[in-house]
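Thanks for coming, everyone. Let me put the structure on the screen, and then I'll walk you through it.

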There are 2 protein chains.
Amino acid sequence: MYALRMSNINAKEDAAPGLITNNLTASNLSLRRVAIDTYRENVAYLHRDCAVYRAEGFQALSKVEVRANGRRILATLNVVDDQNIVGCDELGLSEDAFLQLDIQNGHTASVSQAEPPESINALHRKLAGERLDRDDFRRIVRDIAELRYSKIELTAFVVATNRDELDREEVYFLTEAMIASGRTLDWQERLVVDKHCIGGIPGNRTSMLVVPIVAAHGLLCPKTSSRAITSPAGTADTMEVLANVQLPFDHLAGIVRDHRACLAWGGTARLSPADDILISVERPLAIDSPGQMVASILSKKIAAGSTHLVLDIPIGPTAKVRSMPEAQRLRRLFEYVAGRIHLSLDVVITDGRQPIGNGIGPILEARDVMRVLENDPRAPNDLRQKSLRLAGRLIECNPDVRGGDGFAIARDILDSGRALSKMNAIIMAQGQKPFDHNNPALGPLTFEIRANQAGAVTDIDNLQVARIARLACAPKVVGAGVDLMHKLGDLVASGDVLYRVYAGFQSDLEFARQACGRSTGFTLGRTEDVPRVFVEF
Amino acid sequence: MYALRMSNINAKEDAAPGLITNNLTASNLSLRRVAIDTYRENVAYLHRDCAVYRAEGFQALSKVEVRANGRRILATLNVVDDQNIVGCDELGLSEDAFLQLDIQNGHTASVSQAEPPESINALHRKLAGERLDRDDFRRIVRDIAELRYSKIELTAFVVATNRDELDREEVYFLTEAMIASGRTLDWQERLVVDKHCIGGIPGNRTSMLVVPIVAAHGLLCPKTSSRAITSPAGTADTMEVLANVQLPFDHLAGIVRDHRACLAWGGTARLSPADDILISVERPLAIDSPGQMVASILSKKIAAGSTHLVLDIPIGPTAKVRSMPEAQRLRRLFEYVAGRIHLSLDVVITDGRQPIGNGIGPILEARDVMRVLENDPRAPNDLRQKSLRLAGRLIECNPDVRGGDGFAIARDILDSGRALSKMNAIIMAQGQKPFDHNNPALGPLTFEIRANQAGAVTDIDNLQVARIARLACAPKVVGAGVDLMHKLGDLVASGDVLYRVYAGFQSDLEFARQACGRSTGFTLGRTEDVPRVFVEF
């Protein structure tokens, strides 16, 4: 006889009868590496005639738990009808999944239906429009970081927390949960500085100037960056032209100790790992909501051990942020969350009307950066000025520096060549690559876009210029991209070259050419039509 | 020299630089069937050393277009490192994908990067919170029906149109687009009737009674149903106990001509095919928003050629709809859209406080249905009464029937045995299966849940009872499920059997038993605590 419970279960808490827990049964199979690269999705292969498959009543695409060698992973099940792929007494695993178990072919493994992730109820509540609490976010982010969410569940979380679906307290909870999902570095210093830009402006490689300047001033600046996701170059892609950026974490820490700075790819440090997984869904959907942006950026900074951050929010008609009220809303959200997680934050709203610098693409941008560091007269002045101002702000984090003095200190460091020396030291420490910025190895195929009338440049479309550089195959082809000959306000004659496109392959050149045919990204008009933006710099 | 366009492109319209069109290049490969069942996702396999893979710069999981035999399909790319799976001059295709091309192993095929679906811009606008127009919905639904959306994109659409994100005009556009995505049947009659329930009530098999009753009255009722998605039995699962339900469409049409009705599975007719694809994402997320429900149900009805529909909205504390204001909002949305698509709709709000009938699971429900048809004294009266009332409403669609007379006509048809004769004729026409409702082949393993106190049944949790039946493996094991001995308001003594659980396998029995241990789904109390609902019937 069974006890009769007088309380109803909470229907909302357990609403998906399809997700049935079944972890009683398991069986022993021989593991087999199936040489299929399924890209960040663990896939398990069972033969249709496998006794376990039949007995367990698995369904195609159901999530299974594989246990071997004292480890457990979740995988999506694919059913196979070919003994050459997996036999009836074998359990196949895709390359990634196989690596996670750290075993040899033939090792014994058991497989069972996987429990639904613990946080699925919280996800369902968010989908129903409810507000989540701190524990909900912690559970969700942990399950995401541990690869327990399917692509469907991940996407649902991203879309359900899109736009204004998160209030600022929830953004704080999400940020905190993302920090907790990975490791947090501790540099054992009172002041660890960083700068970050919310993105969207081609050529905007200020980090590669700010880092050597502030490190030359003595501040600790262990900068880790991402590779390009949808842009023609990320800081890591551009730095990789000059030096090795993919370093074991211990090596990186040694460089930071020796040189007060590094400029490396952040992927090796396991900082805020849930963020990288969420991005794999946000990117194809072109979703970049304020809440997710704030949580993503600030969690990475805290995890990296930063104490002080200067954040660059560019504003312009084709920037991510298009109006001052929008920029101010975003600034307030960043400041609120930074305050809750004890990060000292200085938000700077900058001019995002056009690309920064001249080159767009890894080699072209590396050229611009080195020209600024070498005080080369061909150096793009906007890149120099913006970098100095951002570096100046960071230098003012030093309590010994008077407010307002930072810019002059930064300029002195750059003009004196100390920034270049610091950059060279970082490059040598990370592992120098051959690069001559006076003779950069640009893509051998090229075409030019010329003005078809005289006038002033009244608009440069960041999105279209970035698209053209991407089609030319930047950043994959490091010498590909766009080199701008004119910027906003410049007066050009009919026939003047506006920009040059570089590519490595004929087909890429044609794709870029077609895009230029649809829109060059440049607009010519009267000088008085050049749009103004009222930003600090 | 290139023309310089003076207008900016619309950034919103083309915001994802990652989605690059590249359909210029293609190459000839030898097709190979890879015996992996990837379940409704087309997967293409290329060897990492394949010249095409390298030249095209494909990335893992990018979408590719495969052309062969004059056909083209989209597939997700997996990279392979084993020549036993695909060689360097081969293009592997998963089973489903291979079948769609209708070719032999070794056939020549070309592969290229796929263009992003045309409607992706509209999806991005919906994600940004914009209202979509008729053409947007038409493009999106067409791309979904043609399997051009990835699981990520599908999920994004479902979540972004969840809850109140669609206004009623948009729900109409979505419905219309879903109708247009498939075929529409034309029965060449003025009056084609159907009934539908929004679901959520276990045992609610009224269709299997309503259809023979109204067909015996002479109305045309070509009923197609779904199989269970998250419930312990769908109408198609239950009917399949009695007869073949998976019939070629032409055969089905012949049965409808001969008998004025059928009770078949709807999957063969390609009606509103986008709906089935959306459900594959909605189900794991337990999403069932008003807009999607209305579009799903009404599009299927119009596609099936219905002119008149009686719609059952059950209301109760564990039903899909939990309050009368919610039911009325849903009714108005159904009525608005039905009006726009010229479907005559009669919404009936019914008592959804508990399961209908006694049995839950295919065989148990088939038993109940046959008992009602045979006027067996053991027939559950609630199932009989509800079916008669719904049938009466449909019969009143006949302009020769006076309002209010339908119920009596339906009762007469049932009591006289004419409904049973009609049902038997339908069963014979579709292909009878052996079934003896006096001796149904229930699962051999069983346990009972008894009352642990005396009292009145004050609540039966639809969700928990359904969950227990699912865990016992209904509908997959047709004899599995739950047989209720008592219903709301019944007075029971301590130790009385409340219900019996049937299963086919020991492990299923244990899962069901564990669920009963967490909550039996029954609440006992005082007679005056039985909740009332004020509904028509």
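**A strand wrapped by its surroundings**

Let's start in chain B. Strand S18, residues 497–503 of chain B, is largely enclosed by the rest of the structure, because five of its seven residues are buried. Keep in mind that this is a predicted model.

What does S18(B) pair with? Strand S14 of chain B, residues 445–450, pairs with S18(B) in the antiparallel sense, over six bridges. Within that pairing, Phe447(B) has Val501(B) as its bridge partner. Strand S16 of chain B, residues 481–484, is also antiparallel to S18(B), and four bridges join them. There, Asp483(B) stands opposite Arg500(B).

Staying in chain B, there is an open sheet of three strands. Its order is S17-S15-S19, and the pairing is antiparallel. Which strands sit at the edges? Strand S17 (491–492) and strand S19 (522–525) of chain B do, each pairing on one side only. Strand S15 of chain B covers residues 455–460, and four bridges tie it to S19(B). One pair to look at: Ala456(B) has Gly525(B) as its bridge partner in S19(B).

**Over to chain A**

How is chain A divided? There is domain 1 at 18–113, and domain 2 at 120–180. Domain 3 comes in two pieces, 193–269 + 283–430, and domain 4 is 445–529. The centres of domain 1 and domain 3 of chain A are 44 Å apart, taken over C-alpha atoms.

Now one residue in helix H6 of chain A. That helix covers residues 168–180, and Ala177(A) is found in it. Is Ala177(A) buried or exposed? It counts as buried, because it has 25 C-beta neighbours inside 10 Å; the cut-off is 20 or more. Leaving out residues up to four places away in sequence, Ala177(A) touches Phe137(A), Arg138(A) and Val141(A). Take Phe137(A): 40 residues separate it from Ala177(A) along the chain, yet their C-alpha atoms are 6.1 Å apart.

**A covered helix**

Next, helix H14 of chain A, residues 381–395. At 1.5 Å a residue, its 15 residues should span 21 Å, and the end C-alpha atoms are 21 Å apart, so the two agree. H14(A) is mostly covered, with 12 of its 15 residues buried. Among the buried ones are Leu388(A), Leu390(A), Ala391(A), Leu394(A) and Ile395(A), but also Arg384(A), Lys386(A) and Arg389(A).

What covers them? The list includes strands S8 (193–197), S11 (308–315) and S12 (344–351) of chain A. It also includes helices H7 (207–216), H13 (362–373) and H15 (406–415) of chain A.

**The cores**

In soluble globular proteins, nonpolar side chains tend to be buried together. Here, the largest nonpolar core has 288 residues. Which residues have the most contacts inside it? Val214(A), Ala472(A), Val214(B) and Ala472(B). Val214(A) touches Ala391(A), Leu394(A) and Ile395(A), and also Val193(A), Leu219(A) and Cys221(A), again leaving out residues up to four places away in sequence. Apart from that core lies another, of 62 residues, among them Ile36(A), Leu91(A), Leu93(A) and Val111(A).

Last, confidence. The model scores ipTM 0.81 and pTM 0.84. Chain A averages a pLDDT of 89, and 93% of the residues score at least 70. Where does chain A score under 50? Over residues 1–26, for which the model has 59 contacts beyond four places in sequence. Where pLDDT is low, the predicted coordinates should not be read in detail.

Technical notes. Residues are numbered from 1 along each chain as its sequence is written. Chains are lettered from A and ligands numbered from 1 in the order in which they are written. This is a predicted model: local features need pLDDT of at least 70, side-chain atom pairs count only at pLDDT 80 or more; totals for chains, interfaces and linings use all residues. Domain bounds come from an automatic or database domain assignment. Two strands pair if DSSP finds at least two bridges between them. Helices (H or I, at least four residues) and strands (E, at least two) are DSSP runs, numbered from the N terminus. Two residues are in contact if their C-beta atoms, placed from the backbone, lie within 7 Å. The expected span of a helix is 1.5 Å times one less than its number of residues. A nonpolar core is a set of buried Ala, Val, Leu, Ile, Met, Phe, Trp, Tyr and Cys residues joined through C-beta atoms within 7 Å. pLDDT is the predictor's confidence in each residue, from 0 to 100.
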